[in-house]
Amino acid sequence: MAKDKRSKAHAQPPSSTATTTTTTSTRTAKPNWPPFKPPLPVVDLTLESLVEGKVVVLRSFFPRSLCRDYVSFLRELPLVTTPGKPKRGEAVRVNDRFQVDDAQFADRLWTETGLKDALASPDISHLWGGEVVGLNPNIRIYRYSAGQFFDAHYDDSNNVTLPSKEPGQQAVPAKTTWTLLLYLTSSAEGCIGGETVFYPHDRRSAKDEIAVSLETGMLLLHKHGNDCMLHEGREVTAGEKWVIRTDLCVKR
Ligand SMILES: O=C(O)CCC(=O)C(=O)O
Ligand SMILES: [Fe+2]
């Protein structure tokens, strides 16, 4: 697939049908996300590089008990099955999704998990493509059941604005530079398949593939935008793959 004709995983507007507990301060209904219990991080968060400068993982970012709590909670959200036939230029993506603009939850994932500190470490801070300022408020939840997958594509960099946290504070203009995937299930919960597979040479080739197996509670970060590797979410053949997706943001 040529880069100029590449299929993109387009961001979509937040779903207006997202209903659970509603906050009164915004028009978008936001889920009443479970607390991070036990307090995070539960392990020393050390980055493991899978592809130099392009793919890193943090194992046990969420403990298994918290993943279980999240999956129970997320399955009550109004997930919508994506159409099998994508719009022109979009990747075929067959899964059940929920999407919400929730800056508060993005900030909790950033500051209450140890992630902010782990990524700020001076020996790795050059990776992120600028001054890291937080996570994309556009939170996406994916559930893949047997037969579902996310076909090969590249992820775009997007401009976002991180809202002010306190009165008097300025909103921060930012852009996304890395995709963040948090796996909530794996073979430990009976999910077979569903690997995130990277193709370093811009074409699907079993010879060159780098397949990352699901691991419950593992966070995967991969560089996106111009330097994005072609990648896919391989078909799930049994059980359910649950993922929380957002993006790392740097100042623009
Ligand atoms: O589910 C996966 O393993 C990949 C998801 C993905 O590529 C995306 O969200 O853009
Ligand atoms: Fe992607």
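Colleague: Thanks! Which residue in β13 does F198 stand opposite?

Modeller: F198 stands opposite I210 in β13. This is a predicted model, where local features need pLDDT of at least 70, side-chain atom pairs count only at pLDDT 80 or more, and totals for chains, interfaces and linings use all residues. Residues are numbered from 1 along each chain as its sequence is written, and chains are lettered from A and ligands numbered from 1 in the order in which they are written.

Colleague: And how many bridges join β12 and β13?

Modeller: Three, in the antiparallel sense, with β12 covering residues 196-199. Strands here are DSSP runs of E, at least two residues, and helices are runs of H or I, at least four, numbered from the N terminus.

Colleague: What is the strand order in the open sheet of five?

Modeller: β4-β8-β15-β12-β13, with antiparallel pairing; two strands pair if DSSP finds at least two bridges between them. β4 (93-94) and β13 (210-212) are the edge strands, each pairing on one side only.

Colleague: Switching to α1: which residues are buried?

Modeller: In α1 (residues 64-74), L66, C67, Y70 and L74 are buried, meaning 20 or more other C-beta atoms within 10 Å of their own, with C-beta atoms placed from the backbone; exposed means 12 or fewer, and partly exposed is in between.

Colleague: Why are they on the same side of α1?

Modeller: Because they cover an arc of only 100° around the axis, taken from the directions from the helix axis to the C-beta atoms. S65 and S72, on the other side, are exposed.
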